[in-house]
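I opened the model and kept notes as I went.

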Amino acid sequence: MFYIALIAAKIHLAILKLLKKEKDDKPGFLAYRLCPNFLEKLNKPDIVIGVTGTNGKTTTTNLLASALKKCDYKVIYNDWGANTLGGYARCLIEGVNIFNKKKDCIALLEMDEVTCDETIPLINLKYLIVTNLFRDSMQRNANPDYVYNKLQKGLNKDITLILNSDDPFSSMLGEKNKNKCVYFGIDKLDTDKKVSNNLINDFLVCPKCSSNLKYDYIRYHQIGQVHCPNCSFESKKADFLGNLDYKNNIINVTNKNNNYKFKMINDSIFNCYNEMALITTLFTLNIDEYKIKSIIEKLELPKIRYMSNYANGVEVINFVSKGLNAVATSRVLDYLTSLNDNIEIVLLLDDQFDNKNNSETMTWIYDTDFELLNKPNVKKIIVGGVRNRDYKLRLLLAGIDKEKIFTCDKEEDIVDLVTTDSIDKIFILFDVNFVSKAAKINERVVEKIKKENL
């Protein structure tokens, strides 16, 4: 039955490619319906790389795929973000012929961290990149302990782990199985603090002796360097340590006695971590320093995550801000308010399913650091969508001047509220499910600015 499933899935995929609709899980789900243990029997490429974590996995996967292609590797990956069994099957059938013979390629899989305990054993991972582990949506997992345990359960000792040394949660992975681990991190910054002023830090107690931990410095949430005053627990030492040179837009990377300089793809701290994961992985794959440098010079963030347009001196920027995720949204807000520009912010963070008689858990907005927006350079905040009153209440509780807050029930009406007086940049923050709608709003805002300045 396996070969029938494989051939049927390949025919289905071929039809979708002819129709230019190949970014679809259906061939994978078809294979599963015909053969329930399809992934177990499917041959995998010699190199399968998984990318998971609470935040940053899509950006890291896209950057890594682009980099590997520029190294002349044939790369198969689920670039449409399908991190399900059907999605993995759909991706991996491109790595074999109809006789299940492996092709010469690298498989790159963005993986759902919550289901890794079930999926990792099925796909023969050689490398697993874990960007971080944070508190996430109450509807999905909420507690990072829960996700950590599921991830740890799925690991086997043959997987090389590429981990964030500045995240005490994810950096502990692999200790039980004694996996080979390669750590990346970012050196101390002038903006780091001794005590966190963020609302969320889920790593305050030592996992070894249950003492209160002491942070040597803290960057945001639990990201930083920490040690236990009563036992040997401490942050891991980074094998690849990045030093951020914002003035020259460079990341200086130290590995053992070697020093390297790379272009900073984006100056937000979370994207610098994504870039460090990329650099560490490329070195781990034994790609030459000069090749890595030339590749990164040409890389940009994927447009589904970051898109910029100009109109009459105003920059209109789409910036993904993962809805229902307090950590991801707080980091974006922190980045925006660190800029010297006068900015206007559009919030498009509703769950798209809320419009289909579903119920969205809104408690996450009270974990989110909306207080960061209480700064003079934030001139206006526009909230559109069915939950606009929830966001307005939260913004008022954060101390935002009510004169700065504008709301509308329909996202389409946001454009009417946009103004550009004394504004340098307009940021449209959108949930990952709002990519197309956010792109259309960006286009309409740009058109409006051009017309008003004719």
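**Cavity**

I started with the largest cavity, whose volume is about 30 Å³. My model is predicted, so to speak of local features I need pLDDT of at least 70, and side-chain atom pairs count only at pLDDT 80 or more, while totals for chains, interfaces and linings use all residues. Residues are numbered from 1 along each chain as its sequence is written, and side-chain values use heavy atoms, without hydrogens and water.

I noted the rule: on a 1 Å grid over the protein atoms alone, a cavity is a set of points where a 1.4 Å probe fits but cannot get out. A pocket is an open set with protein on both sides within 12 Å along at least five of seven lines. Lining residues have an atom within 4 Å of a point. Points join across faces, edges and corners, and a volume is the space filled by probe spheres set on them.

I counted one cavity of 30 Å³ or more by this rule. Its lining consists of Ser-137, Met-138, Gln-139, Leu-324, Thr-361, Thr-363 and Trp-364. I sorted that lining by class: three nonpolar, four polar and no charged. Ala, Val, Leu, Ile, Met, Phe, Trp, Tyr, Cys and Pro count as nonpolar; Asp, Glu, Lys and Arg as charged; the others, Gly among them, as polar.

**Second largest pocket**

I read off about 770 Å³ for the second largest pocket. I found 30 residues in its lining, with Leu-189, Thr-191, Tyr-246, Asp-334 and Ser-338 nearest the centre. Which element gives the most to this lining? It is α10, with four residues. β7 (214–220), β9 (240–245) and α10 (326–337) each supply at least two. Helices (H or I, at least four residues) and strands (E, at least two) are DSSP runs, numbered from the N terminus. The lining holds nine nonpolar, nine polar and twelve charged residues.

**Sheet**

I traced an open sheet of nine strands, ordered β2-β3-β1-β4-β5-β6-β9-β10-β11, with mixed pairing. Two strands pair if DSSP finds at least two bridges between them. β2 (75–77) and β11 (258–263) are the edge strands, each pairing on one side only.

I checked two pairs. β4 (127–130) and β5 (160–164) run parallel over four bridges, and Ile-129 stands opposite Ile-162 in β5. β10 (250–255) and β11 are antiparallel, with six bridges. Asn-252 has Lys-261 in β11 as its bridge partner. The hairpin of β10 and β11 has two residues between the strands, and there Lys-256 takes a positive phi near 55°.
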